[in-house]
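Dear colleague,

Please find below the structure that I am handing over to you.

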Amino acid sequence: MGVTRLVTITPPELDIEEKLKGIFSRHTTQRQELIPILQETQRAFRYLPAAAIKEIAVYLGLPESAVYGVSTFYARFRLKPQGKKTILVCRGTACHVRGTQKVLAELEKVLGIKAGETTADGEYTLETVACIGACALAPVITIDDEVFGKMTARKVTELLGGKTNYE
Ligand code: FES
């Protein structure tokens, strides 16, 4: 199995410029536009690229640090690239007791990343959460909106083995 390294996937600057132009055309330069602009920017790129934050600060006449401040205050904003699919691994008590650690370790191995990272090809982001609310199925993971219960390391391979380039 090859090792997949995490790289920062930055959209080309022209793409950022182009998309921001469209977003700015729908908003004034008033300070209260900051959050709606950040939301639209995140929808466009699935995260907030550093270059976009810089442009937003210029557009609104705010210090870059103020835009970062708001972006980091709200949990819904992401400063790192997000994969096309998000895998959430439950680390709640019920899942922990039933072996979530092995499932997470296998996911990290198969994807070649650590929790909190995104694969180099932008396919998957791997994250952990406190409790998904399906404790009876522990250990539980979700891939986007799909829930997979009673997970094992072997099931990880079954779930991702045929669908990824990580082998
Ligand atoms: S502890 Fe994992 S779903 Fe509740």
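With a relative accessibility of 0%, T41 counts as buried, a term that means under 20% relative accessible area, whereas exposed means over 50% and partly exposed in between (1.4 Å probe, protein chains only). This is a predicted model, in which local features need pLDDT of at least 70 and side-chain atom pairs count only at pLDDT 80 or more, while totals for chains, interfaces and linings use all residues. Residues are numbered from 1 along each chain as its sequence is written, and side-chain values use heavy atoms, with hydrogens and water left out.

T41 lies in helix α2; helices (H or I, at least four residues) and strands (E, at least two) are DSSP runs, numbered from the N terminus. Beyond residues up to four places away in sequence, T41 touches L20, I23, R46, Y47, L48, P49, A52 and I56, where contact means heavy atoms within 4.5 Å.

I56 is among the residues with the most contacts inside the largest nonpolar core, which has 19 residues. Such a core is a set of buried Ala, Val, Leu, Ile, Met, Phe, Trp, Tyr and Cys residues joined through side-chain atoms within 4.5 Å. Helices α1 (13-24), α2 (34-45), α3 (50-60) and α4 (64-73) each supply at least two of its residues, and the largest share, five residues, comes from α3. A second, separate core of 17 residues includes I87, L104, V110 and M151.

Finally, I132 is found in the loop between β2 (124-129) and β3 (141-143) and is partly exposed, at 28% relative accessible area.

A colleague
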